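Please look over the model displayed here before reading on. The questions that follow take up its core, a sheet, a loop residue and a pair of helices.

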Amino acid sequence: FNARYILADEATATDDEFLGIESVVGHEYFHNWSGNRVTCRDWFQLSLKEGFTVFRDQQFTGEMNSAAVKRIDDVTLLRTRQFAEDAGPMAHPVRPASYVEINNFYTLTVYEKGAELIHMLHTLLGPEGFRRGSDLYFARHDGQAVTTDDFVAAMADANSVDLTQFKHWYSQAGTPQLSVATHYDSAAQRYTLSFAQSTPPTPGEPQKQPLVIPVVMALLDPAGKEMALHLEGEVGGGEQQRVLQVKQERQQFVFTNVARSPVPSLLRGFSAPVKLQLDLADGQLAFLAGHDRDPFNRWESGQQLALRVILRTIDTVERGGECRLDPMLAEAYGNTLADSSLDRALQAEALILPSEHYIAEAMEEVEPLMIHTVRQALRQQLATTHRHHWQRLYHDLADAGPYRFDAASCGRRRLRNLALAYLMELHDAAIQQQCHEAFKRANNMTDALAALNTLLHTGAPQAEEAVADFYQRWQGEVLVIDKWFMLQATNPQPGGLERVEALTHHQDFSLKNPNRLRSLIATFALRNSAQFHRRDGAAYRFLADYVIELNAINPQVAARLLEPLTHWRRFDELRQKQMAEQLERILASGKLSRDVFEVASKSL
């Protein structure tokens, strides 16, 4: 078992690691029933236990901490990593139809997307209906090895509903696209939502069937209040939130008695794992970011506004224009900064720009260096524009007391450390010294690591001294030194590959320690796009060298290291050629494990 998910104290572990331990221990405990008492008939049913149990540990962690932030974290992982898996050569259904090596199917699709399928059933049936289905499933199959069909059948039978079409989610790969058009007829006071769903072809699946897509929604009036909902043709109604079931390729829902033009809040709580395309104006997204009562959608609206601004700015810069902060985005961030009513952890999440991975997912041809440059420039401009707000937050959230691991304390640290990170973008000597002092005074790993990360990633003059001090203090703690390697692997400053290569010769680096390998090489390849995807292709060769060497030592880890190269078709012609060459070199390198051969061959 991985020690990092069971051993922790405030001196050596961060808030996120405490959360990870809580989640993993909960997950394994929940397997007592979902996976042990009722288990899988065969390996194709792996998500029967893993998807269900991931959903259970997600619910548990949300109950114990901030449910909104937990949902955001889960969706962020899904959209930045699983969506990419769905769009790549290793795309496979939640219930795979075949495999060469089963170890390659302990994937984000089986686990995280599998959990989203359970989440959808929970949404469609409601909490009480889902509980009835779970009780029937455990009573009916206790002590048996069964299938995902048996699980869905229990849900259907307990609630007297037909879930036949829902099962396509288990058998089809790919991320569905859900496009929505809106129309308001002021004279008739009718508001129409027009949905169109499609799923792109994936390897071995050129044709897709329509899916059942639950869309949790509300309509907001100009004051930000939720309207009473009356669907045309239905008796009754009046709810302020409801679940629409999109089952056809094209489907309309008409709402009556809509007195004023509303702003729709759709896919609340991320009610289905789809890519949503909605014809909202920037001003409407800003409105939702400031008024939506659904915490996920409030965050999501701000993210979509920021994503639009970033993509437009990238286009402007590529055409020779200047990188300027959009006033509407600046205002939206200012409003969020000033809103003291928000949960601190949620407020912090709302103030983080979309990740480089998520921005890349929205581009037809990925240009990692441009993404990093523009995102970084906008961060600096947000820091400058709202300097006094960031300073106020940093000072107001100070806490000289002992470390406490609870939702409120974690949220306070998260927001305060984010404020410091923004202030460090100003490259002000006094703030840099303040950050260095915060690193030296920190009484817990969360604050120490946040300050060190900020010093390192902003290129502060104190960074080298702080990195050396951190190593000197913690060199006897294996899990802490993993963090030391990871911080340096994610450093976006120039010379990233050379730093990582040098660290592979460090006395504490070992290929035989999977955590150490992941903390340095996998982290560099997956989380440092600007440096990994540099245009000379040297980092691709570096990664391939380690895949070839690891193939004989730890083929499972070697196969997973390949992930960044499997998406080579998403990049420009030069990078495509460089990545494909390394995949071909791996295949020609000699006797390959089934793990590595399957991933490399399918990628080409």
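**Core, sheet, loop and helix pair**

Of the 174 residues in the largest nonpolar core, those that touch the most other members are Phe151, Phe166, Val215 and Phe255. A nonpolar core here is a set of buried Ala, Val, Leu, Ile, Met, Phe, Trp, Tyr and Cys residues joined through side-chain atoms within 4.5 Å. This is a predicted model, in which local features need pLDDT of at least 70 and side-chain atom pairs count only at pLDDT 80 or more, while totals for chains, interfaces and linings use all residues. Residues are numbered from 1 along each chain as its sequence is written, and side-chain values use heavy atoms, with hydrogens and water left out.

Q: Which helix gives the largest share of this core?
A: In soluble globular proteins, nonpolar side chains tend to be buried together. Helices are DSSP runs of H or I with at least four residues, strands are runs of E with at least two, and both are numbered from the N terminus. With 12 residues, the largest share of the core comes from helix α4 (residues 108–141).

Q: In what order do the 4 strands of the open sheet lie?
A: Two strands pair if DSSP finds at least two bridges between them. The edge strands, each pairing on one side only, are β7 (250–255) and β9 (275–278). The pairing in this open sheet is mixed, and the order is β7-β4-β3-β9.

Q: Which residue in β4 is the bridge partner of threonine 182?
A: Strand β3 (residues 177–185) pairs with strand β4 (residues 190–198) in the antiparallel sense over 9 bridges. In β4, the bridge partner of threonine 182 is leucine 193.

Q: Is proline 200 buried or exposed, or in between?
A: Proline 200 lies in the loop between β4 and β5 (213–220), and touches Thr175, Gln177 and Lys208, not counting residues up to four places away in sequence; contact means heavy atoms within 4.5 Å. Buried means under 20% relative accessible area and exposed over 50%, with partly exposed in between (1.4 Å probe, protein chains only). The relative accessible area of proline 200 is 34%, so this residue is partly exposed.

Q: How are α22 and α25 oriented to each other?
A: The axes of helix α22 (residues 538–550) and helix α25 (residues 573–587) come within 10 Å and cross at roughly 15°. Axes are lines fitted to C-alpha atoms, for helices over the stretch in contact, and angles run from 0 to 180 degrees between N-to-C directions. Angles under 35 degrees count as roughly parallel, over 145 as roughly antiparallel, 65 to 115 as roughly perpendicular and the rest as oblique. The two helices, α22 and α25, are therefore roughly parallel.
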